[in-house]
Amino acid sequence: RFLMARALVLLLLAGLALPAAGLGPKKSRPSKEEARLLECTVCEEATKQFYRQAEAKKKAGAKLGEVELGELAEKICEPFTDEGEWITHLDLVERDGLLAMDEQPAVGRCGVECQTIALACAESFGEAAL
């Protein structure tokens, strides 16, 4: 049992070391070209999300000063935060020859599409928030 536990610990440590050494799963790279095409649409959705989330925090009794709204604006385009989770509910589709976003009922894996939407968000909404 001791050897088994020790082997398990070593495997866990190795698993933690692999991503740090750049040997783990590779992060998806966003499409810069598609991000440019989506900036207006994504900025519009990010603005709606910002408003909804600010209103929800306000209704919950949270303080919403300049600092809190600034923090929300910084996190709204990050899909791995609670504030940016909305991005993981979107898929990119072609509609009438144009690139569009489709909302999905469940959280999806954050691959190329998710990273592309996050980039478009950061490029448009992120700059506007500054």
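Buried means under 20% relative accessible area, exposed means over 50%, and partly exposed lies in between (1.4 Å probe, protein chains only). At 55% relative accessibility, E33 therefore counts as exposed. Its place is in helix α2, residues 32-59.

This is a predicted model, in which local features need pLDDT of at least 70 and side-chain atom pairs count only at pLDDT 80 or more, while totals for chains, interfaces and linings use all residues. Residues are numbered from 1 along each chain as its sequence is written, and side-chain values use heavy atoms, with hydrogens and water left out.

**Secondary structure terms**

Helices (H or I, at least four residues) and strands (E, at least two) are DSSP runs, numbered from the N terminus. Two strands pair if DSSP finds at least two bridges between them.

**The hairpin**

Strand β1 covers residues 90-95 and strand β2 covers residues 98-103. The two run antiparallel, joined by 6 bridges. They form a hairpin with 2 residues between the strands. D96 sits in the turn, with a positive phi of about 55°. Two pairings can be named. D91 stands opposite D102 in β2. E94 has L99 of β2 as its bridge partner.

**Salt bridges**

A salt bridge is a side-chain nitrogen of Lys or Arg within 4 Å of a carboxyl oxygen of Asp or Glu. The whole structure holds 3 of them.

| Pair | N to O distance |
|---|---|
| E44 and K48 | 3.7 Å |
| R52 and E45 | 3.6 Å |
| D102 and R95 | 2.3 Å |

E44 and K48 both lie in helix α2. They are 4 residues apart, about one turn of the helix. K48 has a relative accessible area of 37%, so K48 is partly exposed.

What is the burial state of E45? With a relative accessible area of 18%, E45 is buried.

D102 bonds R95 in a salt bridge. D102 counts as partly exposed because its relative accessibility is 28%. R95 has a relative accessible area of 39%, so R95 is partly exposed too.

**A negative patch**

Which residues gather in a patch of negative charge on the surface? They are E33, E34, D91 and E113. Patches are made of residues with over 30% relative accessible area and no salt bridge; like charges are joined within 9 Å, and nonpolar side chains (Val, Leu, Ile, Met, Phe, Trp, Tyr) within 5 Å. Asp and Glu count as negative, Lys and Arg as positive, and His and the chain ends are not counted. The place of a charge is NZ of Lys, CZ of Arg, CG of Asp or CD of Glu. Areas come from the Shrake-Rupley method with a 1.4 Å probe.

**Two loop prolines**

P79 is in the loop between α3 (66-75) and β1. Is P79 buried or exposed? At 10% relative accessibility, P79 counts as buried. Its C-alpha atom is 9.2 Å from that of I117, 38 residues apart along the chain.

P105 is in the loop between β2 and α4 (112-129). Its relative accessibility is 80%, so P105 counts as exposed. P105 and L90 are 15 residues apart in sequence, and their C-alpha atoms are 8.9 Å apart in space.
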